[in-house]
Amino acid sequence: MLDISSILNNDAFTPDEQMEIIRYIDAQLEQMELLLYRLDRIARQAGNADTLDSERQRLQAKADQIKKEIDRISQRLPKTFITAG
């Protein structure tokens with residue numbers, strides 16, 4: 001699996017290819033951000049004292065789906081660290 005530094009410091013990738021890879025990573029991270037926002041909203045709703053247990057179960061199932069999607073996206077991404085040097 002590639003890491004960010006190997007993408008940016010590798011002559012095998014043209015500058016256009018590097019930018020395309022970075023745009024792809026950015027889009028995936030943006031999707032994850034939206035999923036995390038949805039997960040936060042679900043958690044707040046489930047934490048509301050007025051929420052019934054049956055609704056909490058439904059919300060938990062939805063949260064589990066979102067977590068699986070986040071995991072799926074993270075598996076497709078290169079390592080996102082940049083080494084010094």
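Q: A salt bridge is a side-chain nitrogen of Lys or Arg lying within 4 Å of a carboxyl oxygen of Asp or Glu. What makes Arg44 and Asp40 such a pair in this predicted model?
A: The closest N and O atoms of Arg44 and Asp40 are 2.8 Å apart. The cut-off is 4 Å, so the pair is called a salt bridge.

Q: How do you know that Arg44 and Asp40 are separated by about one helical turn?
A: Both belong to helix α2 and stand four residues apart, which means about one turn between them. An α-helix has 3.6 residues a turn, so residues three or four places apart point the same way.

Q: Why is Arg44 called exposed, and what is Asp40 called?
A: Arg44 has a relative accessible area of 61%, and exposed means over 50%. Asp40 has 35%, which falls between the 20% and 50% limits, so Asp40 is called partly exposed.

Q: How many salt bridges does a search of the whole structure find?
A: The search finds six. Among them is the pair formed by Arg56 and Asp53, with an N to O distance of 3.5 Å. Another is formed by Glu69 and Arg72, whose closest N and O atoms are 2.4 Å apart. Both distances are within the 4 Å cut-off.

Q: What is the spacing of Arg56 and Asp53 along helix α3, and of Glu69 and Arg72?
A: Arg56 and Asp53 are three residues apart in α3, so about one helical turn separates them. Glu69 and Arg72 are also three residues apart in α3, again about one turn.

Q: What are Arg56, Asp53, Glu69 and Arg72 called by accessibility?
A: Asp53 is at 58% and counts as exposed, because the limit is over 50%. Arg56 is at 27% and is partly exposed. Glu69, at 25%, is partly exposed, and Arg72, at 40%, is partly exposed.

Q: Why is Thr51 called buried?
A: Its relative accessibility is 12%, and buried means under 20%, so Thr51 counts as buried. Thr51 lies in the loop between α2 and α3.

Q: What does Thr51 touch, leaving aside its neighbours within four places in sequence?
A: Thr51 is in contact with Gln45, Ala46, Arg56 and Leu59. A polar atom of the Thr51 side chain lies 2.6 Å from the backbone oxygen of Gln45.

Q: Is Gln18 buried or exposed, and how do you know?
A: Gln18 is at 14% relative accessibility; the limit for buried is under 20%, so Gln18 counts as buried. Gln18 is found in helix α2. Not counting residues up to four places away in sequence, it touches Ile7, Leu8, Asn10 and Phe13.

Q: Which other residues of α2 are buried, and what covers them?
A: Ile25, Gln28, Met32, Leu35, Leu39 and Ile42 are also buried. The cover over the buried residues of α2 includes α1 and α3.

Q: How do you know that the span of helix α2 agrees with its number of residues?
A: Helix α2 (residues 15-47) has 33 residues and, at 1.5 Å a residue, should span 48 Å. Its end C-alpha atoms are 47 Å apart, so the two values agree.

Q: Where is the confidence of the prediction lowest and highest?
A: Confidence is lowest in helix α1 (residues 4-8), at a mean of 71, and highest in helix α3 (residues 53-76), at 94. The protein averages a pLDDT of 86, and 88% of the residues score at least 70.

Note on methods: Residues numbered from 1 in each chain as written. Predicted model: local features only at pLDDT ≥ 70, side-chain atom pairs only at ≥ 80, totals over all residues. Heavy atoms only, no water. pLDDT = per-residue confidence, 0-100. Helix = DSSP H or I, 4+ residues; strand = E, 2+ residues; numbered from the N terminus. Expected span 1.5 Å × (residues − 1). Buried < 20%, exposed > 50% of the residue type's maximum accessible area, 1.4 Å probe, protein only. Contact = heavy atoms within 4.5 Å. Polar contact = N/O pair within 3.5 Å; in protein donor to acceptor, adjacent residues only side chain to side chain.
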